[in-house]
Amino acid sequence: MLLFKGLRDQLLTPLQSVSGIVEKRHTLPILSNVLLEKDGEKLTLLATDIEIQITTTTSTSGTEKLGLTVAARKLQDILRSLPETAEISLAFEDKRLQLKAGKSRFNLQTLPADDFPRISATTGTTTQLRITQRQMRRLLAYVQYAMAQQDIRYYLNGLLLVVKGNNLIVVATDGHRLAFTSEALSETFSPIEVILPRKTIIELSRQLDDSDELLNISLTPTQASFTFGKIELISKLIDGKFPDYERVIPQNHTKSIVINRNQLLHSLQRVAILTNEKFRGVRLVLAANSLKILSTNSEQEDAQEEIEIDYSGEPLDVGFNVTYLLDVLNNVTTETVELRLADSNSSALFLLPDNASFKYVVMPMRI
Amino acid sequence: METNRRIAHLDMDAFYASVELLRYPDLRGRAVVIGGRSVHQPAVQHDGSRTYSRLKDYVGRGVTTTSTYEARALGVFSGMGVMKAAKLAPDAILLPVDFAAYRHYSRLFKAAVASIAPLIEDRGIDEIYIDLSAVPDDSLAIAQRIKQAVVEATGLTCSIGITPNKLLSKICSDLDKPNGITIMAEGDLEQRIWPLPAKKINGIGPKANEKLAALGIVTIADLAAADPTLLQENFGRSFAAWMMNAAHGIENRPIVTESEPKTISRETTFERDMHARRNKAELSEIFTELCAGLAKDLQRKAYVAYTIGIKLRFDDFRIVTRDITLDVAINDASKIRRAAGECLRRAPLDRKLRLLGVKANNLVTIETANAEPTQDQLALGW
């Protein structure tokens with residue numbers, strides 16, 4: 001029975017948008033598969049790792065109605081290695097999926113579509129938001145690098161999304177630094193907070209494009225779904241209490257400097273070479289019209305950079321993990337950044353002159 | 001062959017069985033098999049005599065750990081099912097395993113050797129390598145002195161092989177067992193080593209041996225004469241080169257006197273399979289106990305671990321492991337429990353469990369951990 005007939009990319013492109021979440025090794029073998037479901041001229045592709053599920057569709061021909069699952073990676077590798085102009089046909093014969101393209105033939109094992117686990121959409125109170133893909137992409141880019149990874153505090157291994165009034169707020173933190181930004185929405189909502197898993201955020205950032213096309217976000221107390229273009233991504237939420245981010249954003253830091261972002265970034269990158277490999281500490285030494293950046297490593301090697309700044313406040317000597325500083329400078333796009341400091345035991349606050357909503361807080365290191 | 005290195009391999013003779021014979025000298029000269037449970041403990045009669053369990057009375061799934069040379073003569077070797085051994089030697093004496101005693105004698109014999117030659121690589125409870133390169137005197141005299149010291153300290157005999165490297169010494173200590181000394185002389189490689197089966201080389205296991213046999217390579221001489229290209233095609237470049245060198249008696253691994261443990265772990269196989277949700281309370285208690293046990297092991301050995309992992313074996317024997325690496329090395333029970341709990345969250349728990357284990361790796365000594373220069377990252381204060 002014919003499942004699909006068409007050009008290579010008509011199948012490969014939608015397959016690539018769902019296959020990113022397929023785990024290479026999973027205890028449930030069927031989760032290495034992608035579900036292909038044909039209903040007349042519509043072919044639906046679906047992949048899941050039980051936490052996240054991505055669905056998309058493509059067009060085909062004929063009136064058949066059938067479904068099967070097949071190894072996502074193998075199918076993708078075969079399609080990718082065929083010429084772009086190849087005409088592909090997929091047929092379901094004797095429990096196997098036969099892929100034909102010109103003189104090439106591939107027979108793949110299948111597992112029944114009915115056995116494939118799916119995340120069912122939850123019912124209950126739903127909040128529906130609309131935002132452009134570009135806006136969401138930028139929100140995520142500004143904070144996602146600060147998410148924890150495999151932290152014991154599992155609720156940090158994700159991103160906090162808050163809807164409050166007409167604001168969409170996103171926050172990420174690993175306990176040492178925190179990134180915060182927000183975007184105005186066209187409507188006002190009753191407040192809701194959800195924690196989205198790290199993998200969901202990474203997958204979303206990978207798939208959203210820099211366009212004015214709309215992204216529909218639908219939030220329930222246990223689930224979030226994102227619909228954009230032909231893609232629907234459903235994600236479970238992380239159940240937990242995200243820390244009170246407002247408490248750690250400092251309000252009264254008096255020392256302030258404005259620096260060219262690239263200049264600071266490049267100085268830090270150079271100094272980072274001679275930091276202690278494990279701790280990655282650098283010292284920022286602030287004096288009249290001068291910011292020095294210093295590092296030493298365990299082999300007694302050292303590096304120093306100096307940047308001229310406009311500063312007349314008290315001197316300060318404070319240490320930071322250079323990675324945390326590089327992260328923010330690499331992920332924001334402004335010409336300059338403002339750095340606010342207090343003392344060597346207090347956090348640093350990064351602000352952007354043309355974006356009042358962005359805040360990045362880093363705790364210092366005792367070096 | 002490098003001649004200035006002189007390495008001994010010392011292997012205790014039928015170690016567990018010999019330790020038992022120290023306790024039960026009346027069993028000397030008889031076929032004795034170690035591998036029972038505590039019910040097989042000899043019973044002391046009113047007149048002070050002992051009655052022993054016999055192999056033929058054994059019922060169970062245990063395997064033998066060691067047997068005396070008399071039992072070996074009847075075909076009973078270590079690693080054999082006890083029921084099977086009973087068919088070969090029904091009247092052989094069966095004794096329970098007593099690791100505490102074996103460890104005690106293990107420490108005694110190692111200390112005795114160390115008083116003569118201090119460069120010792122510990123290879124387990126009953127064998128060691130000794131670097132004799134810097135010990136004055138000829139090899140035979142040293143070997144005799146070592147054996148004498150071991151007998152005086154423990155009452156036990158051992159067999160020693162002395163050659164220029166660990167590989168050959170390991171083979172040689174086995175050539176004249178029990179209570180033997182084998183010192184490699186000029187021409188011995190060809191005459192004494194080459195006729196031996198290839199699997200006598202420590203590192204050629206059953207799988208490699210089977211593959212070699214399929215290529216018609218049975219003895220070490222066959223291996224030495226084998227076509228290098230053929231070996232390389234079948235075993236890969238580095239293993240082939242290693243085997244070729246080994247067959248020619250070339251090997252220069254140093255004596256590793258201080259081996260740092262790579263991992264420390266605790267695991268337990270349940271008496272019946274457990275369900276993650278239905279037996280949650282019970283499992284949780286076992287899990288906490290394992291973590292506490294692991295913490296105790298770490299503390300006793302003075303280590304802290306950066307990585308904590310878990311191991312699950314399901315009722316279908318599939319194994320799943322998960323681990324987590326922390327910023328700060330730990331060795332206390334509650335922190336280990338928290339880290340291991342986090343690993344467990346990431347593991348699938350849809351099947352019944354047979355086994356649960358907790359493992360610490362990325363170990364450093366507490367001393368090292370404390371001496372490391374610290375750059376102390378402060379945390380956000382919420």
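I take partly exposed to mean a relative accessible area between the buried class, under 20%, and the exposed class, over 50%. The model I am reading is predicted.

**Entry 1**

I began with B:Asp26. With a relative accessible area of 40%, B:Asp26 is partly exposed. I looked up its partner next. The side chain of B:Asp26 forms a salt bridge with that of B:Arg50, at 3.1 Å from N to O. B:Asp26 sits in the loop between helix 1 (15-23) and strand 2 (32-36) of chain B, and B:Arg50 sits in strand 4 (residues 50-51) of chain B, so the pair ties together parts 24 residues apart in sequence. B:Arg50 has a relative accessible area of 31%, so I put it down as partly exposed.

I then searched the whole structure.

Which residue of chain A does A:Asp49 meet in a salt bridge? I find A:Lys199, with 2.6 Å from N to O between the side chains. A:Asp49 is in the loop between strand 3 (42-48) and strand 4 (52-59) of chain A, while A:Lys199 is in helix 4 (residues 198-207) of chain A; the pair therefore ties together parts that are 150 residues apart in sequence. Is A:Asp49 buried or exposed? I note it as buried, because its relative accessibility is 9%. A:Lys199 comes out as partly exposed, with a relative accessible area of 27%.

I also checked A:Arg8 and A:Asp9. Their side chains meet in a salt bridge, 2.9 Å from N to O. A:Arg8 is at 10% relative accessibility, so it counts as buried. A:Asp9 is at 28%, so it counts as partly exposed.

In chain B I traced a network of salt bridges. It links B:Asp315, B:Asp316, B:Arg318 and B:Arg351.

**Entry 1: charged patches**

A negative one is formed by A:Glu277, A:Glu299, A:Glu301 and A:Asp302. I followed up A:Glu301. It lies in the loop between strand 17 (290-296) and strand 18 (302-308) of chain A. Patch residues must have over 30% relative accessible area. A:Glu301 has 35%, so it is partly exposed.

A positive patch is made up of A:Lys5, A:Lys100, A:Lys103 and A:Arg105. I placed A:Lys100 in strand 7 (residues 96-101) of chain A. Its relative accessibility is 32%, so A:Lys100 counts as partly exposed.

**Entry 2: backbone checks**

I checked the backbone next. Most residues other than glycine have a negative phi, and most peptide bonds are trans.

A:Gln300 is not a glycine, yet its phi is positive, near 65°. I find A:Gln300 in the loop between strand 17 and strand 18 of chain A, the loop where A:Glu301 is also found. Is A:Gln300 buried or exposed? It is exposed, because its relative accessible area is 70%.

In chain B I looked at B:Asn179. Its phi is positive too, about 55°, in a residue that is not a glycine. B:Asn179 is in the loop between helix 6 and strand 11 of chain B. I record it as partly exposed, because its relative accessible area is 44%.

Which residues does a cis peptide bond join in chain B? I find B:Lys177 and B:Pro178, with omega about -5°. B:Pro178 is located in the loop between helix 6 (166-173) and strand 11 (181-183) of chain B.

**Entry 3: cysteines**

B:Cys291 is buried, with a relative accessible area of 0%. I checked B:Cys158 as well. It is at 1% relative accessibility, so it counts as buried.

**Entry 4: a leucine in helix 10**

Last, I looked up B:Leu231. I place it in helix 10 (residues 228-235) of chain B. Its relative accessibility is 1%, so B:Leu231 counts as buried. B:Leu212 lies 19 residues away from B:Leu231 along the chain, and their C-alpha atoms are 8.6 Å apart.

Notes. Residues are numbered from 1 along each chain as its sequence is written. Chains are lettered from A and ligands numbered from 1 in the order in which they are written. This is a predicted model: local features need pLDDT of at least 70, side-chain atom pairs count only at pLDDT 80 or more; totals for chains, interfaces and linings use all residues. Side-chain values use heavy atoms; hydrogens and water are left out. Patches are made of residues with over 30% relative accessible area and no salt bridge: like charges are joined within 9 Å, nonpolar side chains (Val, Leu, Ile, Met, Phe, Trp, Tyr) within 5 Å. Accessible areas come from the Shrake-Rupley method with a 1.4 Å probe; for residues, only the protein chains shown count as cover. A salt bridge is a side-chain nitrogen of Lys or Arg within 4 Å of a carboxyl oxygen of Asp or Glu. Lys and Arg count as positive and Asp and Glu as negative; His and the chain ends are not counted. The place of a charge is taken as NZ of Lys, CZ of Arg, CG of Asp or CD of Glu. Helices (H or I, at least four residues) and strands (E, at least two) are DSSP runs, numbered from the N terminus. Buried means under 20% relative accessible area, exposed over 50%, partly exposed in between (1.4 Å probe, protein chains only).
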